[in-house]
Amino acid sequence: MKHLPKHIRPRWRYLAVELETWPDADLSRGSFQRELWFAAQNFVGDAGSADADLTVLDFHFSGCVGETVVRARRGYVSEARAALACIDEISGHSVGIRVRGVSGTVRACEERYLRRPAGVPEERSVVFADSDRTALARDTVLDVRLSSGFVGATELDFE
Amino acid sequence: MYEAAHAYPDGESTAARLADTAARYGYDGLVVRARDATPDYEAIRAATPIDVVDAVEVVADTPDRASGGIGNYRPKATLLLLQGGTNALNRFAVEQERVDVLTRPMAHDGDFNHVLARAARENGVRVEFDLGPVLRLDGGHRVQAIRNLRKLRELVDHYDAPYVVSGTPRSHLQLRASRELVAVGETIGFSADQIREGLAEWGRLAERNRRLTSESFIAPGVEKASHEEDD
């Protein structure tokens, strides 16, 4: 169909979203989009969810951190934030989610808030809770592997 | 604004990691609700740009046991939290001036009423709005949690009882930034200011208790101040 004249096209806001998981998780754009729709529908309802019209645009995820741009209709940023905050797990993996900022264009959003996180976490052996463990380190933070799962720590815990 | 979290071994991230994430998320401070956790607060405060508050959360199934815990930990911790969740415990907590915060009053079978709200105001016991179930549950359990929060909010509002707000994260992944908590709060009927005040209240409480326990404080209105020596 012929696209709409400019004055009548919907206005959008773009949310720069930061993601974090334990090292064993793998996320894709599809699973994140599905979870976002579920979260929005469960929390703000069908009507609110349709109004906010949340779409995942740009999705990058590697080595337990990710960045993405979520598009929401102008005036529904608060609903979008609420829906994002209510995403606790994606395909069974716990996720940490935070909105870094909101912009009026995708380009501004990327330039201002997104900075392609670097590389693969480095494996190290550490002593945690009185025994030897392996940990995956990024900058100053480490995720220590225990038999029951992971524990989040920082360099400070090993000094 | 402050957030209050469970640290390893009560939760899945160490206090240092939680403080690191909270600082990145824009919080001014982190309250560690310690049950078994014993983090090195001095080292964490030195390494992170935000305030880290040592708190103890007393968990007991009866008021008698809770009373023992309070007596034990009150002199040691900056903030003393008591987990509610039964009518007897909620009642006990709001009548104890020594308790700073009654946490999760509506969890399990706990309930709240006008008598408790009034007692909480008189004794200065902060009632916690726990947004955790709203963030992490779904379906019927979440509906129930939101309904309970509404009841609690109406009582707290009407009787002007003091309160705090928290998302009760158990790991750095469950931590949510304050603006996200405000958005969630607004969707379930809180005002944005209510959520912000509730998050800021942790910091005010910590500051008050630190002043009261500092060496210069003698009695209300009487403080030891530094002054010039007489010639």
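Reader: Which domains does the domain assignment of chain A give?

Author: This is a predicted model. For chain A the assignment gives domain 1, residues 11–113, and domain 2, residues 122–158.

Reader: How many Å apart are the C-alpha centres of the two?

Author: The C-alpha centres of domain 1 and domain 2 of chain A lie 28 Å apart. The C-alpha trace of chain A spans about 65 × 30 × 25 Å along its principal axes.

Reader: How many helices and strands in chain A?

Author: Chain A has three helices and nine strands. From the N terminus on, the order is β-α-β-β-α-β-β-α-β-β-β-β.

Reader: And what percentage of chain A is buried?

Author: Of the 159 residues in chain A, 38% are buried. As for contacts in chain A between residues at least 6 apart in sequence, 59% join residues at least 24 apart.

Reader: Take E6 and E7 of chain A. Parallel or antiparallel?

Author: Antiparallel: strand E6 (residues 122–128) and strand E7 (residues 131–138) of chain A are joined by seven bridges. Val126(A) stands opposite Arg133(A) in E7(A). Two residues sit between the strands of this hairpin, and Ala129(A) takes a positive phi near 50°.

Reader: What does E7(A) do with E8?

Author: E7(A) pairs with strand E8 (residues 141–146) of chain A in the antiparallel sense, over four bridges. Here Leu136(A) stands opposite Asp143(A) in E8(A). E7(A) and E8(A) also form a hairpin with two residues between them, and Asp139(A) in the turn has a positive phi of about 45°.

Reader: Where is Leu114(A)?

Author: Leu114(A) is in the loop between helix H3 (106–113) and E6 of chain A.

Reader: Why does Leu114(A) count as partly exposed?

Author: Because Leu114(A) has 18 C-beta neighbours inside 10 Å, and a residue needs 20 or more to be buried and 12 or fewer to be exposed.

Reader: What does Leu114(A) touch?

Author: Leaving out residues up to four places away in sequence, Leu114(A) touches Ala16(A) and Glu67(A).

Reader: Switching to chain B. In what order do the strands of the seven-stranded sheet run?

Author: The order is E1-E2-E3-E4-E5-E6-E7 in chain B, in an open sheet with parallel pairing. Strand E1 (2–5) and strand E7 (163–166) of chain B stand at the edges with a single partner strand each, so one side of each has no neighbour in the sheet. On average, neighbouring strands of this sheet are turned by 30° against each other, direction ignored.

Reader: How many bridges between E2 and E3 of chain B?

Author: Six bridges, in the parallel sense, between strand E2 (residues 29–34) and strand E3 (residues 51–58) of chain B. Val32(B) stands opposite Asp54(B) in E3(B).

Reader: Now the interface. How many residues of chain A are in contact with chain B?

Author: 26 residues of chain A are in contact with 26 residues of chain B. On the chain A side, strand E1 (12–21), helix H1 (29–52), helix H2 (77–85), strand E5 (93–103) and strand E9 (149–154) each supply at least two residues. The largest share, six residues, comes from H2(A).

Reader: How many nonpolar, polar and charged on that side of chain A?

Author: The side of chain A that touches chain B has 12 nonpolar, eight polar and six charged residues.

Reader: Which residues touch the most other members of the largest nonpolar core?

Author: Ala83(A), Leu30(B) and Val32(B), in a core of 113 residues. H1(A) gives the most to this core, with seven residues. Both domains of chain A give residues to this core, so it lies between them.

Reader: What does Ala83(A) touch?

Author: Not counting residues up to four places away in sequence, Ala83(A) touches Leu36(A), Ala39(A), Ala40(A), Phe43(A), Val44(A) and Leu54(A).

Reader: Last one: why is H8 of chain B largely enclosed?

Author: Nine of the 10 residues of helix H8 (residues 178–187) of chain B are buried, so the rest of the structure largely encloses this helix. Among the buried ones are Arg179(B), Glu180(B) and Leu181(B). The buried residues of H8(B) pack against H1, H2 and E5 of chain A, and against helix H6 (132–136), E7 and helix H9 (192–213) of chain B. Just after H8(B), Gly189(B) takes a positive phi of about 110°.

Conventions:
Residues are numbered from 1 along each chain as its sequence is written. Chains are lettered from A and ligands numbered from 1 in the order in which they are written. This is a predicted model: local features need pLDDT of at least 70, side-chain atom pairs count only at pLDDT 80 or more; totals for chains, interfaces and linings use all residues. Domain bounds come from an automatic or database domain assignment. Two strands pair if DSSP finds at least two bridges between them. Axes are lines fitted to C-alpha atoms, for helices over the stretch in contact, and angles run from 0 to 180 degrees between N-to-C directions. Two residues are in contact if their C-beta atoms, placed from the backbone, lie within 7 Å. Ala, Val, Leu, Ile, Met, Phe, Trp, Tyr, Cys and Pro count as nonpolar, Asp, Glu, Lys and Arg as charged, and the others, Gly among them, as polar. A nonpolar core is a set of buried Ala, Val, Leu, Ile, Met, Phe, Trp, Tyr and Cys residues joined through C-beta atoms within 7 Å.
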